[in-house]
Amino acid sequence: MKVLITGAGGQLGRDVVKTFEAAGHIVLGTARSEMDITNQEQCLKVIEKFAPDVVIHCAAYTAVDEAEKDVDGAHLVNTAGTRNVTAAAEKSGAKMIYISTDYVFDGYSELPYQEYDNTNPQSVYGKSKRAGEIMVQSLSSRYFIVRTSWVYGLHGSNFVKTMLRLGQEKPFLQVVNDQKGSPTYTVDLAHFLVELSQTEKYGIYHASGSGSCTWYEFTKAIFEDAAEVAGLTFTARLEPCTTGQFPRPAPRPGNSVLEHLSIRTNGFQDIRHWREGLRAFLQGMEF
């Protein structure tokens, strides 16, 4: 199978490229230098030339707080860019996989969000990603929208790496304990995308680590597992705090937990528990 992956230099994109190559597929990974997704003609040219069976669209504007000031920039990439990639994929007869986010929901629900619950994004980032979903649904006849949350991996910066560093540098660390979600290891998500891409079970999927925790609980687990797996020693004393104690430009969802209804009802293997993913990540890290 020929697979074109946008955002191939990013945290998720790098593991998606690696995982598809390991599964024996022919992969073209594109970063902005190879294909600027905001350039419609370039998208058509690159995708038409490669003639992929599947396009996996990982490229995105992900600076959540920055997007509150840069509304046009967020929509240029996440809305217009997604339109360009989707239209080119459709013209080439390729399946389209769009990586979306828990931020399309408002985070107010007491229950985990199912795939077809009403969306209600509260931030510019969330609104631009939801607009990207609408572009995919409007322009592709063979699409998968894959929403994920709290993503971390070996490449690039992320919450896990930041906590590992701060935990060894700081004497005291406050971490938010009133936002809950499901941490997702990039490699776990990439394996699901390999499985999904080889089917015609189109639609919306929630794909995150199984189970849930708060950021504070996640940090406790990071420290515990890193001490066990890598023998690290942490100086920081952890203390839970509220979202209100750390105001940010963009609102954060209080509940980001995603229900994996589509994974189960379509007969896919569910993604492993977030704690197992965390341990696998730590075992793959170089300390």
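This is a predicted model: local features need pLDDT of at least 70, side-chain atom pairs count only at pLDDT 80 or more; totals for chains, interfaces and linings use all residues.
Let us begin with Cys43, whose sulfur lies 14 Å from the closest cysteine sulfur, in Cys58, too far for a bond. A disulfide here is a pair of cysteine sulfur atoms within 2.5 Å, and a search of the whole structure finds 0 of them. Cys213 is likewise in no disulfide, the nearest cysteine sulfur, that of Cys241, being 15 Å away.

Residues are numbered from 1 along each chain as its sequence is written, and side-chain values use heavy atoms, with hydrogens and water left out.

Are these two cysteines buried or exposed? Cys43 has a relative accessible area of 0% and is buried; Cys213, at 3%, also counts as buried. Buried means under 20% relative accessible area, exposed over 50%, and partly exposed in between, with a 1.4 Å probe and protein chains only.

I turn now to the nonpolar cores, that is, sets of buried Ala, Val, Leu, Ile, Met, Phe, Trp, Tyr and Cys residues joined through side-chain atoms within 4.5 Å. The largest has 30 residues, and Ile222 is one of those touching the most other members. α8 (215–230) is among the elements giving two or more residues to this core, and α8 gives the most, with 7. Helices are DSSP runs of H or I, at least four residues, and strands are runs of E, at least two, numbered from the N terminus. Apart from this core lies another, of 28 residues, Cys43 among them.
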